[in-house]
Amino acid sequence: MSTRTLISPAQLARPRGKALYWVCFALVVVLFTLAFLGPLYWMVSNGLKTTQEAVQTPPTWVPGSVHPENYQRAWEVMDLAKLLMNTLYYAFGALAFQLVLDVAAAYSLSKLRPVLGKMILGLMLATLMIPATVLVVPQYLTALDVPIVERNLLNSPWAIWLPSVTNAFNIFLLKRFFDSIPKELLDAASMDGAGPLRVLWSIVLPVSRPILGVVSIFAVVGVWKDFLWPMLVLPDPSKQTLAVGIYSLATSVPENVLIASLTIASLPTLILFLVFQRNIMSGLTAGGLKG
Amino acid sequence: MSAPILTKDPVVKDRRPRRPRAGAPHLPDGEFGKNLRRNITAHGFLIGAVLCFAFFSWYPIVREFLLAFQKTEDGNVSWVGWDNFVTVWNDPAFGQAWRNTLWFTVLALILGFVVPFVTALIINEFRHGQGYLRLLVYLPVMLPPTASVLLFKYLYDPGYGMFNEMLGVFGVPAQQWLQDPDTAMLSVVVASTWMNMGGATLIYLAALQGVPGELYEAAELDGAGLLRKVWHVTVPQTRLILLLMLLMQIIATMQVFIEPFLLTGGAGPEGSTTTVVYLIYQYAFNFNNYGAAAALGLLLLVLLAGFSAVYTRLNRAEQD
């Protein structure tokens with residue numbers, strides 16, 4: 001699988017080229033590892049230091065004494081179990097809402113093609129052109145007092161779940177995938193008497209597994225990473241997500257305990273990434289340019 | 001334009017009765033009923049997402065425009081015309097916030113645009129360990145930003161931070177980083193680049209795989225060196241992706257919020273990291289002045305809408 005790149009294979013085949021290649025390779029591997037794993041190593045190791053050692057000048061590269069109990073302290077003092085459960089609840093709730101409502105919408109737009117469907121899709125995609133941060137203020141006011149139904153969504157999981165559905169990019173991705181499913185397949189099913197829901201459930205969804213996986217991972221990670229919105233709509237500390245909770249407790253706990261809690265907050269998405277890295281990376285490039 | 005059809009085309013004649021015109025006499029009742037039912041089902045599938053969009057996207061967009069020209073006092077809403085814009089304009093932080101945001105965008109383009117591209121070029125050259133290098137670069141993207149930003153806050157600490165320690169190895173004197181108005185923004189950009197460069201790098205890598213190798217061979221025959229090959233082959237070949245990413249980065253970095261908010265408390269030393277979005281946040285949630293926040297937001301929206309429009313047009317061209 002050697003495709004031709006910048007440096008010619010002939011140059012690389014020469015002894016000098018070979019030596020240079022391996023030197024550069026080793027250098028880059030070391031440099032990248034330092035740059036990207038270094039801060040993570042620092043995070044894990046500083047969580048293991050005593051408070052005194054964590055803030056001493058000059059810093060130490062290896063903890064003088066190891067204190068895994070910091071992690072336990074972080075878990076208890078910052079009530080991470082609660083924050084973690086909240087985050088999981090919001091993330092998987094948002095996933096469920098997106099899977100049901102966005103898939104249904106994309107299926108309708110792609111295969112059922114209702115009147116005004118094109119216009120609705122256009123209006124959805126148009127929201128991608130509005131800078132997200134500009135909408136935070138009016139969105140917050142909406143969550144404060146939802147028009148017509150007149151509900152206050154502050155401190156309720158709906159404030160996370162419902163806005164997460166308005167992901168025009170997901171709908172676009174799903175619709176494009178559904179578009180690629182041959183019409184004959186669906187026609188054959190409806191000929192056999194299957195209704196639209198049955199067609200969606202037994203034909204469209206099974207063949208769409210790859211794209212559903214990608215959308216799911218991005219949905220969960222999205223909630224996990226979000227900061228500004230949950231900070232605004234979940235002011236009650238007992239309802240907060242990990243990202244927000246850690247920020248609001250940051251100044252009240254010792255450094256080593258806080259850093260230990262950063263490690264704990266990072267672990268779930270890191271594990272998710274290591275397990276599903278193939279899907280995530282392919283989804284990222286297949287999904288076009290929206291990173 | 002095709003010429004009008006003069007001969008009787010059986011296909012055209014055939015097509016006419018099928019057009020679903022309500023109430024047309026030649027339309028069988030079943031057909032119309034079936035169409036109606038199909039449409040009701042289709043809209044049933046759509047309704048959930050449409051309601052969410054209506055409440056949390058479309059209505060807020062309209063409201064943003066309304067808010068910018070309104071004032072809310074003790075629950076009473078009144079029209080104030082351009083007053084909010086005047087308030088925002090006369091705020092001494094206004095100019096600084098825009099200058100800072102532009103400065104951040106420029107720095108983020110120099111770092112955040114060039115670094116991922118060069119990284120992708122480097123990774124693409126290796127025949128080994130590509131998977132590992134890709135994994136490393138994308139790792140920070142998966143961290144919650146709160147975690148990465150607080151992590152960098154500690155790394156930047158002038159006393160016990162690792163940055164000064166590492167630079168000390170090369171004999172560089174200790175810096176104040178986030179506490180110094182001159183380096184605060186740069187420090188924010190470095191952290192931001194580390195956190196976010198993974199996605200762009202992977203997209204560039206995918207684009208680089210599409211560059212035909214023969215072009216490099218041809219360039220070599222013309223005696224082109226490494227840099228010339230990059231400039232005359234790689235860059236033109238990945239031009240569209242580069243342009244799209246550039247636009248996307250401008251749009252994203254103009255909206256920077258979390259990095260300065262968590263690293264320097266928003267304003268930073270002498271207001272050196274106050275950004276436009278931070279100012280919006282302050283108006284809305286610290287001063288309860290939604291009108292001013294919306295006016296400022298509208299200015300940002302108008303500015304970014306131009307970039308968005310170009311982006312969408314190019315992106316559509318790319319997908320076709």
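Residues 40–61 of chain B are 100% helix and 0% strand, with the end C-alpha atoms 28 Å apart. The model is predicted. An unreviewed UniProt entry lists residues 40–61 as a "transmembrane region" of chain B. A search of the whole structure also finds one cavity of 30 Å³ or more.

**Annotated segments of chain B**

**Annotated domain of chain A**
- For chain A, UniProt (unreviewed entry) gives "domain: ABC transmembrane type-1" at residues 84–276.
- Helix makes up 76% of residues 84–276 of chain A and strand 0%, while the end C-alpha atoms are 21 Å apart.

**Cavity**
- The volume of the largest cavity is about 60 Å³.
- From chain A, the lining includes A:Thr133, A:Val136, A:Val137 and A:Leu228.
- From chain B, the lining includes B:Val277, B:Ile280, B:Tyr281 and B:Phe285.
- Two helices, α7 (132–144) of chain A and α13 (276–286) of chain B, each supply at least two residues of this lining.
- The helix that gives the most to the lining is α13(B), with four residues.
- By class, the lining of the largest cavity has seven nonpolar residues, one polar residue and no charged residues.

Key:
Residues are numbered from 1 along each chain as its sequence is written. Chains are lettered from A and ligands numbered from 1 in the order in which they are written. This is a predicted model: local features need pLDDT of at least 70, side-chain atom pairs count only at pLDDT 80 or more; totals for chains, interfaces and linings use all residues. Side-chain values use heavy atoms; hydrogens and water are left out. UniProt positions are given in the numbering used here, feature names are shortened, and annotations may be inferred rather than shown by experiment. On a 1 Å grid over the protein atoms alone, a cavity is a set of points where a 1.4 Å probe fits but cannot get out, and a pocket is an open set with protein on both sides within 12 Å along at least five of seven lines; lining residues have an atom within 4 Å of a point. Grid points are joined across faces, edges and corners, and a volume is the space filled by probe spheres set on the points. Ala, Val, Leu, Ile, Met, Phe, Trp, Tyr, Cys and Pro count as nonpolar, Asp, Glu, Lys and Arg as charged, and the others, Gly among them, as polar.
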